[in-house]
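Okay, thanks for coming, everyone.

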Amino acid sequence: MSKPGRADAAHATFAEVGFKGTRRAYFTAASRDFTVGRHVIVEAERGEDLGEVHSLGRVAERKCTSSGGCSTPLPGRRILRLATEREVRTLRRHRRDEERVRAKTRETVASLGLRMKVSEAEWQFDRRKLTIYFTADRRVNFAELVRRLARRFRTRIELRQIGVRDEAALIGGIGRCGRELCCSTWLPELKPVSLQLAKDQSLSLNPAQISGCCGRLMCCLMYEHRTYVEARRRFPREGKTLRTARGRERVLKVDIWGETVVLRGEGGERRTLALEALEREAEAASAGAAGTRAPSSGPGK
């Protein structure tokens with residue numbers, strides 16, 4: 001059999017395939033018969049797996065590049081064929097069986113006295129591999145655990161340690177907004193979230209109010225951050241002293257959405273002024289100061 005050449009590669013379809021939870025992988029396919037939403041059989045490590053096509057073509061390529069999932073223009077693994085209804089039903093049985101796997105794994109972890117939390121379990125479609133996801137505060141020696149699980153489930157065991165944010169994305173849940181967690185539904189990747197995002201938006205720095213189900217800062221702090229930063233550029237910074245119609249006043253607070261500024265005069269009196277009114281006062285005060293200086297600097301003076 002001849003090896004596929006460049007012409008075959010040019011006609012290959014690039015696809016994003018989703019598996020359990022938020023796990024995604026990228027594949028090529030020699031056929032263009034695959035559509036978004038169809039279940040397919042793909043090449044997996046030492047076997048085959050079954051997943052659902054999430055995107056195709058250039059959309060999949062952009063998502064692969066942005067997520068850092070592509071070290072080369074096209075991955076080496078392929079979509080083999082469309083999955084049959086019987087195979088999809090088999091996968092669903094595997095998913096139901098994973099509840100038993102989690103329970104048995106947790107029993108084994110407790111018997112060994114290991115300080116780790118079993119989060120999720122995932123069968124590969126052909127049952128040649130079982131992946132156990134867990135979280136732990138420190139390094140865990142799980143060599144004996146792997147041996148016992150391999151004997152119990154008679155397959156290759158992979159223990160994969162994940163962070164608490166990845167755990168939330170894997171398991172899912174409801175956020176304080178009342179909707180499903182972004183990380184477990186549509187968010188393509190988990191980016192670092194810093195406390196500076198909350199500071200820039202003048203939010204409470206109480207961890208209980210700005211943390212998500214995972215106990216880390218909420219991912220949604222990033223959504224409006226750029227809008228806040230751009231809007232904030234129109235306002236004077238807090239602590240700055242301005243020259244206004246009432247003399248020199250210090251900026252105490254700004255309200256971006258109300259477009260107002262709180263000022264305090266030299267005598268201690270406070271007032272709230274609309275941003276446009278403040279700009280007019282500052283321009284008038286600046287013009288008045290320039291007019292006062294003009295005679296002393298004119299010619300013949």
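I'll start with some strands and then go on to salt bridges.

Quick housekeeping: this is a predicted model, so to speak of local features we need pLDDT of at least 70, side-chain atom pairs count only at pLDDT 80 or more, and totals for chains, interfaces and linings use all residues. Numbering runs from 1 along each chain as its sequence is written, and side-chain values use heavy atoms, with hydrogens and water left out.

Strands first; these are DSSP E runs of at least two residues, and helices are H or I runs of at least four, both numbered from the N terminus. Two strands pair if DSSP finds at least two bridges between them. S3, residues 39–44, runs antiparallel to S4, residues 47–56, with six bridges. Look at Val42: it stands opposite Asp49 in S4, and its bridge partner in S5 is Ile79.

Now, how many salt bridges does the structure hold? There are 24, counting a side-chain nitrogen of Lys or Arg within 4 Å of a carboxyl oxygen of Asp or Glu. Take Glu281 and Arg271, with closest N and O atoms 2.8 Å apart. That pair links helix H10 (275–297) to strand S12 (270–274), 10 residues apart. Glu281 is buried at 18% relative accessible area, and Arg271 is buried at 12%; buried means under 20%, exposed over 50%, partly exposed in between, with a 1.4 Å probe and protein chains only.
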